[in-house]
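Reader: I would like to go through this model with you and ask, for each label you attach, what it rests on.

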Amino acid sequence: MTMHKTVDVSVDAMLDDLRTLVEVESPSRDVDALAASAKVVASVIESRLGGEAVLVESEAGPHVHWTGGGEPRVLILGHHDTVFPLGTLERRPFRTEDGHATGPGVFDMLGGLVQAFHGLATLEDLSGVEILVTADEEVGSRSSRALIEERALACGAALVLEGAADGGGLKTGRKGCGTFQVSIAGRASHAGLEPAAGVNALVEAAHQVLDIAALARPAVGTTVTPTVASAGTLDNVVPAEATVVVDVRVESSAERERVEAAFAALAPHLDEARITVEGAISRPPMPESASAELFAVARQLLPDLEGKAVGGGSDGNFTAALGVPTLDGLGAVGGGAHADHEYLVIDAMAERAHLVAGLVNAIRNA
């Protein structure tokens, strides 16, 4: 099988569109900024593919949905929110230098969006293709999950435009991931005059941190990492409250169930201390079996492609959990996601754009 190539892509045009997207800052949870970003994403889609890109309003900001008509066959899935606060662009403007494009969001994941739009533009027929670009992937996809799942089930295949794995590989599996917050209630007292009259929430938190860290099972891919803790008010007061935030990653549904049950069963060590647990493993694991069929097609198109299971989550976790064939990491080749050194490899853009187009054709012709 060869790459489908009716019209070549212009790297210069892709970089122009990438600059346009990067220069409209789109931090998650900033609904006004995301509203502006969604309009620009929609205009880029319409300019490259025609038709109408519809803004789907949500409490998190607008999602962008476009369809090429006909029976849905393949969902192109991405997001336009980024992790960078307003003002990052001034400090770190869009630049192209030494074969790299830099600027907030180039790799995660505005570059992937641009490549997909330009790759699809090489196809004479866009029937069966849908594009969904959401506004809240970086903060858990709470407002977009139902829409993602609805369109993925309708289409029957999902191509996720997150950045590539190290070395340009595709992401063939992902861990399930979630965040838990453990809140501890104790009782305040004077630390010098009557410490025994209090219930020390910080001491209880220390016990809980050790219990929680012990839930990890690295041998089966389960990581349980306490990441943020807070306690206390003044240096002479027994702390009445404490919180511990925990990042969890799992490779299997069985581990997801075990860890969630263990958090629910956390018990205090100190008399009269009380524990409340919030959170869940909100993104289910994406098993490699979900990507096997589509990855085999991708390898026919680009035989040197490698696949890699990774620890981070994406909206592909949701589509894979529904049994929808899902291939991730189809976006930009580069690195530094969520960091100031984020970059995109310019020379890889055309090949990645054609890869998306080739996969769309293969899926529709299957």
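Reader: Which element gives the largest share of the lining of the largest pocket?

Author: Strand 12 does, with 4 residues of that lining; please keep in mind throughout that the model is predicted. The largest pocket holds about 810 Å³ of space, and of the 31 residues that line it, Glu 137, Glu 138, Cys 177, Arg 283 and Gly 313 are the closest to its centre. Two or more lining residues come from each of helix 4 (106–120), strand 8 (170–174), strand 9 (176–185), strand 11 (241–250) and strand 12 (274–283).

Reader: What makes up the lining of the largest pocket by class?

Author: The lining has 12 charged and 11 polar residues, together with 8 nonpolar ones. Gly is counted among the polar residues, so Gly 313, one of those closest to the centre, falls in the polar class.

Reader: How do you know that strand 9 is paired with strand 11 and with strand 12?

Author: A pair needs at least two bridges between the strands. Strand 9 and strand 11 have 10 bridges in the antiparallel sense, and strand 9 and strand 12, also antiparallel, are joined by 8, so both meet the requirement for pairing. Within these pairs, Cys 177 has Arg 249 of strand 11 as its bridge partner, while Val 182 stands opposite Val 277 in strand 12.

Reader: Why is Gln 208 called buried?

Author: Gln 208 has a relative accessible area of 0%, and the limit for a buried residue is under 20%, so the label applies to Gln 208. Gln 208 is found in helix 6 (residues 201–213), and, leaving aside residues up to four places away in sequence, it touches Ile 184, Leu 266, Ala 267, Pro 268, His 269 and Ile 275.

Reader: What makes a group of residues the largest nonpolar core, and which members touch the most others?

Author: Its members are buried nonpolar residues joined through side-chain atoms within 4.5 Å; the largest such core has 61 residues, of which Leu 18, Ile 76 and Leu 159 touch the most other members. Among the elements that give two or more residues to this core are helix 1 (11–22), helix 2 (31–49) and strand 3 (74–79), while helix 10 provides the largest share, 10 residues. A second, separate core of 17 residues includes Ala 201, Ile 212, Val 250 and Phe 263.

Reader: Which residues does Leu 18 touch, not counting those up to four places away in sequence?

Author: Leu 18 touches Phe 94, Ala 101, Val 106, Leu 110, Gly 111, Val 114 and Leu 344.

Conventions:
Residues numbered from 1 in each chain as written. Predicted model: local features only at pLDDT ≥ 70, side-chain atom pairs only at ≥ 80, totals over all residues. Heavy atoms only, no water. Buried < 20%, exposed > 50% of the residue type's maximum accessible area, 1.4 Å probe, protein only. Contact = heavy atoms within 4.5 Å. 1 Å grid on protein atoms, 1.4 Å probe; cavity = no way out; pocket = protein on both sides within 12 Å on 5 of 7 lines; lining within 4 Å. Points joined across faces, edges and corners; volume = space filled by probe spheres on them.
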